[in-house]
Protein chains: 2
Amino acid sequence: MARVGTRPENRHQARFLRLLRDSGPQSRAELGDAVELSKSKVAIEVERLAELGFVDVVGLAASRGGRRSQMVALSRNLRFVGIDIGATSIDVAVLDGGLNLLGQLRADTDVRLGPQPVLDQAIDLVAKVRSGLADPAGPPAGVGVGVPGPVSQAEGALVAPPIMPGWSRFPIRDQLGAALGAPVMVDNDVNVMALGELHAGTARSVRDLLFVKIGTGIGCGIVVGGEIYRGVNGSAGDIGHIQVDGHGPVCVCGNTGCLEAAFGGAALARDAEAAARGGRSDWLAQRLPQVRALSARDVGAAADAGDPVSIALIRDGGARLGKVLASLVSFFNPGLVVIGGGVAGLGHPLLAEIRSVVYRRSLPLATGNLPIVLSELGGTAGVVGAGRLISDSVFATV
Amino acid sequence: MARVGTRPENRHQARFLRLLRDSGPQSRAELGDAVELSKSKVAIEVERLAELGFVDVVGLAASRGGRRSQMVALSRNLRFVGIDIGATSIDVAVLDGGLNLLGQLRADTDVRLGPQPVLDQAIDLVAKVRSGLADPAGPPAGVGVGVPGPVSQAEGALVAPPIMPGWSRFPIRDQLGAALGAPVMVDNDVNVMALGELHAGTARSVRDLLFVKIGTGIGCGIVVGGEIYRGVNGSAGDIGHIQVDGHGPVCVCGNTGCLEAAFGGAALARDAEAAARGGRSDWLAQRLPQVRALSARDVGAAADAGDPVSIALIRDGGARLGKVLASLVSFFNPGLVVIGGGVAGLGHPLLAEIRSVVYRRSLPLATGNLPIVLSELGGTAGVVGAGRLISDSVFATV
C-alpha cells in the first residue's frame with residue numbers, strides 16, 4: 001500500500017502507473033518499450049514503485065526470446081474513491097488502481113440542504129461501501145468528486161452554483177480530505193462523466209470528443225488531446241444557455257430561448273405537465289395524479305406507449321439540441337459525441353432526432369466519420385470519472 | 001547560418017530557440033533559469049546551438065552579482081519565409097529568426113488559375129523580396145504557407161477546397177520545398193492568421209483564444225494552450241456554415257441560413273448590389289457604375305458617409321455573427337476573441353454590434369473578463385503566422 005500522499009518520483013514512474021492503470025499488467029520489457037528506457041533503468045524504476053507500494057511483481061511473462069521478463073501490476077491494495085454528487089442523489093464507489101468498481105452505493109439527497117449534511121452523508125456512504133468490501137485495504141490513495149455546478153480547481157470548491165445555496169466557496173476538497181485522510185480533487189459533474197467515458201466507455205480510443213449530459217439541465221464535457229478542456233474561467237462546455245429560439249420561453253438566467261429552457265429534464269417536466277393539464281395528452285393526464293409531478297421519465301414512458309404529444313416533445317427537444325450540436329461539431333470537429341445523463345434514457349427516438357439534425361447541418365468533412373452514441377456507462381460514468389480525475393493527479397509527479 | 005534541415009538536438013536546445021524567438025536575446029543565466037539546467041549544461045547546449053548556426057553570442061549581460069553572463073541571440077543570418085495565398089492576392093515576407101519583417105511584397109493573383117501558375121508567382125515573389133534585402137543571407141531555414149481552404153497536414157496539400165479548382169491534393173509543400181530549398185509547412189489561412197496574432201498581436205499573452213476571420217467567407221482559428229487546435233479531420237473552426245436563420249438565403253453548400261450566406265464579403269457585396277439596383281440606397285446606386293461590382297469596402301464607405309441601408313447591413317451582419325460567437329464563447333470560454341480579415345475593416349460599428357450580442361447572450365462567467373478586439377496586425381497576420389508555423393517546426397526536435 002502506497003502511503004497517503006505518496007507520488008511517483010519522476011515522469012517515467014508516472015508513465016508506468018498510468019499505463020498499468022489503463023492497459024492492465026505489463027511485463028518489464030513492455031514497460032521499457034513504452035518509455036524507451038534501458039532494461040536496467042526500467043528495473044530500477046519498477047523496484048522503486050514497488051518500494052513506494054504502487055506496484056507488485058506478479059509472476060513471469062511469456063518469453064520474447066531471451067530470459068522471461070517479470071510481470072508488473074498495480075498494487076492490489078491500491079484504492080481510489082469516486083463520489084458523484086447530483087442535485088438529488090449521491091453515488092459513491094470504491095475502485096481499485098485500474099479503476100474497476102469494487103463496491104458502490106447510491107442514496108437520495110438534496111443539495112439544497114447545504115454542504116455540511118450532504119458531505120457528511122457522502123463520508124458515511126464511503127465508510128459503508130468500504131465496510132462491505134471483502135478486502136477494504138488501507139485508506140484510499142485519493143478521492144475524486146463530481147458536483148453539479150461550476151468548480152474552481154484552485155479552491156477545490158464550487159463558485160456561485162445556481163442550484164446549490166450555501167455551497168459557494170465551501171471548501172469541499174479540504175473537508176473531504178481531512179475526513180477521508182486522502183488527497184481530493186473536485187470537478188463539475190459533466191467533466192467527471194466525460195472522464196469516465198474516456199476511461200471506460202465508448203470513448204477509450206478517442207482523443208478529441210464531446211460528452212453531452214442531458215439531466216435537469218444540459219452541459220457538455222470537452223476533451224482535447226485526451227484531457228478535459230476547461231477554458232480560461234473553468235466554464236467551458238456550459239452550453240445550456242445557448243440561444244436556440246429567439247422567441248422561446250424565458251429561462252432562469254433571464255434570457256429567452258435558451259437550450260435549457262427548451263429541452264432537458266426540467267423543460268420536459270414543465271411541457272408534460274402543461275400537456276396533461278391542457279387536455280392534449282390523455283396518457284400524461286392519467287399519469288399526473290399517480291405521481292403528483294410529471295418528469296422526463298414519464299414523457300419517455302408515454303412515448304413508449306405511443307402518446308403522440310410525448311413523442312413530439314422528445315423529437316422537438318432532440319432537434320433543438322441537435323441544432324446546437326451541429327454548430328459545435330462544425331466548430332470543434334470532434335472524433336466522437338457521447339450523449340449521457342438521465343434524460344438520455346429517452347433513448348433511440350431522441351438519438352435518432354439528434355443524429356438527423358447534426359448530420360444534415362454540420363459540415364460533411366466534420367461528420368464524415370463522426371459517431372454520435374448513447375453513453376454505455378449510464379450511472380457509473382460519474383464515479384469512474386471521479387476516480388480517473390484523482391488517479392491522474394496521484395499518478396503524476398508533483 | 002544553420003544548414004537547411006538542421007534541427008535542435010534535444011528539447012533544451014528547442015526550448016532555448018523558441019525563447020530567443022519569442023523574448024529576444026537572453027543571458028546564459030536567464031536561459032538556465034528558464035529550463036532549470038546547471039550553468040555548465042547551459043554552456044554546452046548554447047555552444048552546440050552556435051556550432052549548428054542557430055545562435056550567436058552577442059556580448060555580456062549586466063552582472064547579477066557574480067561573473068557577467070554571455071548574451072545569446074538567434075543568429076542574425078537566420079531567415080524564415082512566410083507566404084499567405086488568398087483567393088485574389090499573394091503576400092510574401094522574409095522574416096528574421098525572431099519573425100520580424102525584413103521585407104514584404106504583395107501581388108494580385110487568382111487561385112482559380114490552378115496551383116502551378118500561382119506557386120510559380122509565389123516563388124518569384126520570394127526571389128524579389130530576397131533580392132531587395134540589404135542582407136539576404138543564405139537559403140531560408142523554413143517556409144510557412146497559408147492557403148484559403150482545408151489542408152491535410154500529412155500531405156502538405158489542400159483537400160477539396162471549394163473555391164480552388166485543380167488544387168485538391170496538389171503537393172504544395174513538396175513543390176515549394178524543392179523550389180526554395182527549405183522545409184515547408186502548409187496550413188489554412190485562418191489558422192495561420194491566428195498564429196500571427198498569437199506571435200505578434202493582441203494575443204501574445206493568451207493561451208486559449210478564438211481568431212475570427214471575416215473575408216469573402218467566415219472562418220475561425222482556435223488556439224488551445226498556445227497551439228492551434230485542428231480537430232480530428234483538420235476542419236475545426238469551419239464556422240461559416242453554422243445555421244443562423246432557418247429561413248435565410250440558400251448557401252453555396254446547399255443548406256439554408258448559413259452564417260456565410262448571411263454575412264461576410266460575398267454576402268455584403270450581394271446585398272449592396274441588390275440595395276443599389278432596388279433603389280433603396282442612393283449612395284450605393286451612384287457608386288455601382290463607377291466600380292462595376294460593389295464590394296464590402298463600398299458598404300463600409302457608404303456607412304461612413306451615413307448611408308442608412310449600409311449601416312443596417314453592417315449591424316445586421318454583426319448581430320448574426322455575434323449570435324454564433326455567443327454560442328462559441330459559452331462553449332469554449334476563451335480568454336480573447338480577435339476579429340480580423342478584410343471585412344473587419346468595417347471597424348467599430350461592426351465590432352460594437354458583435355460585442356453587444358456576445359456580451360448579452362453568453363454566460364456572465366465566460367464573458368466577465370473577455371476582450372473582443374479587432375486585429376492589430378491587419379495584412380501582416382498571415383505572413384508572420386506562416387513564419388511562426390514553420391519556425392515552431394524547425395525549432396523542435398524531430
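User: Which residues of α1(B) meet which residues of α14(B)?
Analyst: B:R18, B:R21 and B:D22 are the ones in α1(B), and they meet B:R388, B:S391 and B:D392 in α14(B), where contact means heavy atoms within 4.5 Å. By class, that contact has five charged residues, one polar and no nonpolar, with Ala, Val, Leu, Ile, Met, Phe, Trp, Tyr, Cys and Pro taken as nonpolar, Asp, Glu, Lys and Arg as charged, and the others, Gly among them, as polar. Please keep in mind that this is a predicted model, in which local features need pLDDT of at least 70 and side-chain atom pairs count only at pLDDT 80 or more, while totals for chains, interfaces and linings use all residues. Residues are numbered from 1 along each chain as its sequence is written, chains are lettered from A and ligands numbered from 1 in the order written, and side-chain values use heavy atoms, leaving out hydrogens and water.

User: How are α1(B) and α14(B) arranged, parallel or antiparallel?
Analyst: Helix α1 (residues 11–23) of chain B and helix α14 (residues 381–394) of chain B have axes that come within 10 Å and cross at roughly 155°, so the two are roughly antiparallel. Axes are lines fitted to C-alpha atoms, for helices over the stretch in contact, with angles from 0 to 180 degrees between N-to-C directions; under 35 degrees counts as roughly parallel, over 145 as roughly antiparallel, 65 to 115 as roughly perpendicular, and the rest as oblique. Helices (H or I, at least four residues) and strands (E, at least two) are DSSP runs, numbered from the N terminus.

User: OK, what about α9(B) and α10(B), at what angle do they cross?
Analyst: The axes of helix α9 (residues 282–291) and helix α10 (residues 296–304), both of chain B, cross at roughly 140° and come within 11 Å, which makes α9(B) oblique to α10(B). On the α9(B) side the contact is made by B:W283, B:L284, B:R287 and B:V291, and on the α10(B) side by B:D298, B:A301 and B:A302. Five of these residues are nonpolar, two are charged and none is polar.

User: And which residues make the contact between α10(B) and α11(B)?
Analyst: α10(B) packs at an angle of about 120° to helix α11 (residues 308–332) of chain B, with the axes 7 Å apart. The residues in contact are B:V299, B:G300, B:A302 and B:A303 of α10(B) with B:S310, B:I311, B:L313 and B:I314 of α11(B), and they divide into six nonpolar, two polar and no charged.

User: Switching topic, how many residues of chain A are in contact with chain B?
Analyst: There are 38 from chain A, in contact with 38 residues of chain B. The buried area (accessible area, 1.4 Å probe, lost by two parts on being put together and summed over both) is about 3,300 Å², and carbon and sulfur atoms give 56% of that. In chain A, A:Y229, A:F331 and A:R361 lose the most area to chain B, together 25% of what that side buries.

User: Where do A:R320 and A:D316 lie?
Analyst: Both lie in helix α11 (residues 308–332) of chain A, four residues apart, about one turn of the helix, and their side chains meet in a salt bridge at 3.1 Å, N to O.

Technical notes: Salt bridge = Lys/Arg side-chain N within 4 Å of Asp/Glu carboxyl O.
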